[in-house]
Amino acid sequence: MHRCLRITQILHLIFEYVVDEKVTDANVTGAMIRHEDVAGLARTCKAFMDPALDVLWRTQSSLSPLVMCLPAHFWFLKANRRGAVVSLLQQPSHADWLTLKRYSRRIRAFDHTTLHLPMVCENVVDTVFSPDLSDELFPWLHTLNVDIFSKSPLGPIQFFSHVRLPQLVRLHFTIPGFYRNRDPDLYLTPACVPSLQALTINVSRIHFHASARLLVNFEQIPCLRSLHLSPHLNVLPSSLRELTHLQYLRELIVTLPDGFDVDVCPSMQPTFPSLQRITVTVDSLSQCTKSLSSITSGELGSIKIFHRSPATQNDIFQLFQEIERIHVRYADFNTLDIQCSHTNKPILHPPFDLPSLGTLDIDDDFIAQITPAWPDIEVLHLRASERNNGRVTLEGMRGLLRGCPRLRSLHMQVDARTFPEGEPEMQSLSLARLDITGSHTEDEMAVGRYLKSLAPQLEWLKIKPPSPSVIYTMV
């Protein structure tokens with residue numbers, strides 16, 4: 001054997017090419033063959049064994065491979081309508097479980113993979129992640145998606161009441177419906193995962209008739225950088241105020257309770273000092289504006305807002321004044337996305353001078369005003385109300401493409417029943433995605449050819465006139 005193949009780091013690089021966990025569209029047979037190849041490498045020689053086993057066990061989508069490494073008299077495999085399940089015939093001793101350390105210590109993540117593996121019964125999960133086993137079996141576990149352990153969500157609140165994973169940095173779980181029905185308030189103590197950096201909590205919508213309320217002690221996870229909370233999950237105000245003072249939080253998706261005010265208990269600590277991206281669901285736009293005014297971060301570059309109550313002109317004006325102040329603090333501010341569940345509102349990227357736009361009627365004059373304001377824009381989604389649907393002409397779109405040469409993605413309604421005079425000329429080499437859903441057209445194929453002439457690099461075009469017929473044109 002060549003001496004270079006005795007270097008563990010080189011073998012790790014080679015074996016990682018054999019199993020590509022990032023392939024999402026591979027068929028199961030192909031995925032199984034690649035894992036079998038790595039297993040074969042592990043059996044080739046002592047030099048290959050440890051690096052190959054590291055790659056083979058690195059990411060698991062079930063506990064079944066680990067349980068099936070126990071002697072056969074401990075477990076059995078049975079099939080049901082939902083697939084294969086591994087259950088225990090008898091409870092292994094603590095020493096029996098620790099014999100699996102030669103494999104379990106190599107696991108870095110429990111997450112979805114391309115392999116379809118048998119599930120395990122819930123008592124196996126509870127045993128393996130018990131306080132006296134979890135940190136010994138999984139000393140290097142950094143990613144945990146609890147949802148993979150069962151087709152129906154487990155009870156994660158109870159699960160985290162006793163588990164200890166000090167090295168975990170990414171956590172994802174779903175709160176099942178029976179928890180909400182049993183207790184209106186959910187209490188999560190994350191002391192078991194003190195190094196956590198990314199947390200995602202979803203809510204099972206089955207049997208849910210109202211938002212679940214969550215109480216989390218965020219002071220116990222000071223390193224948190226990313227927090228994604230389901231829109232059906234309301235964090236209690238006391239937890240939200242702890243959340244606002246996390247020093248490293250950069251990305252946040254959250255629903256604010258009605259009437260929540262960050263400044264109700266003023267503090268000398270900065271509010272969201274490192275925040276870069278926020279997606280917030282609120283009752284009113286004015287509530288969101290007040291919350292944004294409290295943020296002290298100098299790197300806030302993306303804001304997405306979902307508000308339930310219709311906004312007044314003054315609400316919109318106040319919001320854009322706040323966005324202007326944010327833009328002054330951070331010149332690279334790039335995304336403002338506003339959506340209202342009450343009625344369709346424009347989606348705007350990035351901020352502009354609101355008073356110059358009057359009532360925000362989306363027509364050729366509107367396009368003529370925003371084009372010089374956004375010469376470097378790359379993504380633009382404009383959704384008009386039904387009353388103003390399709391008031392931008394193809395001539396207006398042509399001017400938009402000419403004035404915004406870096407535009408890559410465009411979504412807007414146009415009146416494409418009349419073509420501008422003269423031969424169409426190329427206006428954009430950067431536009432790759434164009435969606436004109438809801439546009440008025442008479443000849444969809446002719447419109448597609450005209451748009452292709454304006455933007456010859458188009459990769460995807462969707463035309464959906466305001467009628468039951470839908471035409472997709474892939475270019």
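Author: What follows describes the cavities and their linings. This is a predicted model, in which local features need pLDDT of at least 70, side-chain atom pairs count only at pLDDT 80 or more, and totals for chains, interfaces and linings use all residues. Residues are numbered from 1 along each chain as its sequence is written, and side-chain values use heavy atoms, with hydrogens and water left out.

A cavity is a set of points, on a 1 Å grid over the protein atoms alone, where a 1.4 Å probe fits but cannot get out; its lining residues have an atom within 4 Å of a point. Points are joined across faces, edges and corners, and the volume is the space filled by probe spheres set on them. Two cavities of 30 Å³ or more are present.

The largest cavity holds about 140 Å³ of space. It is lined by 16 residues, and L256, V262, F272, I278 and S291 are the closest to its centre. Two or more lining residues come from each of helix 11 (237–243), strand 13 (251–255), strand 14 (277–282) and helix 12 (285–293). Helices (H or I, at least four residues) and strands (E, at least two) are DSSP runs numbered from the N terminus. Helix 12 gives the largest share of this lining, three residues. By type, the lining has 13 nonpolar residues, three polar and no charged. Here Ala, Val, Leu, Ile, Met, Phe, Trp, Tyr, Cys and Pro count as nonpolar, Asp, Glu, Lys and Arg as charged, and the others, Gly among them, as polar.

The second largest cavity holds about 40 Å³. Its lining consists of F160, L171, L188, T189, P190, C192, V193, L196 and L199, of which eight are nonpolar, one is polar and none is charged.

How values were computed: 1 Å grid on protein atoms, 1.4 Å probe; cavity = no way out; pocket = protein on both sides within 12 Å on 5 of 7 lines; lining within 4 Å.
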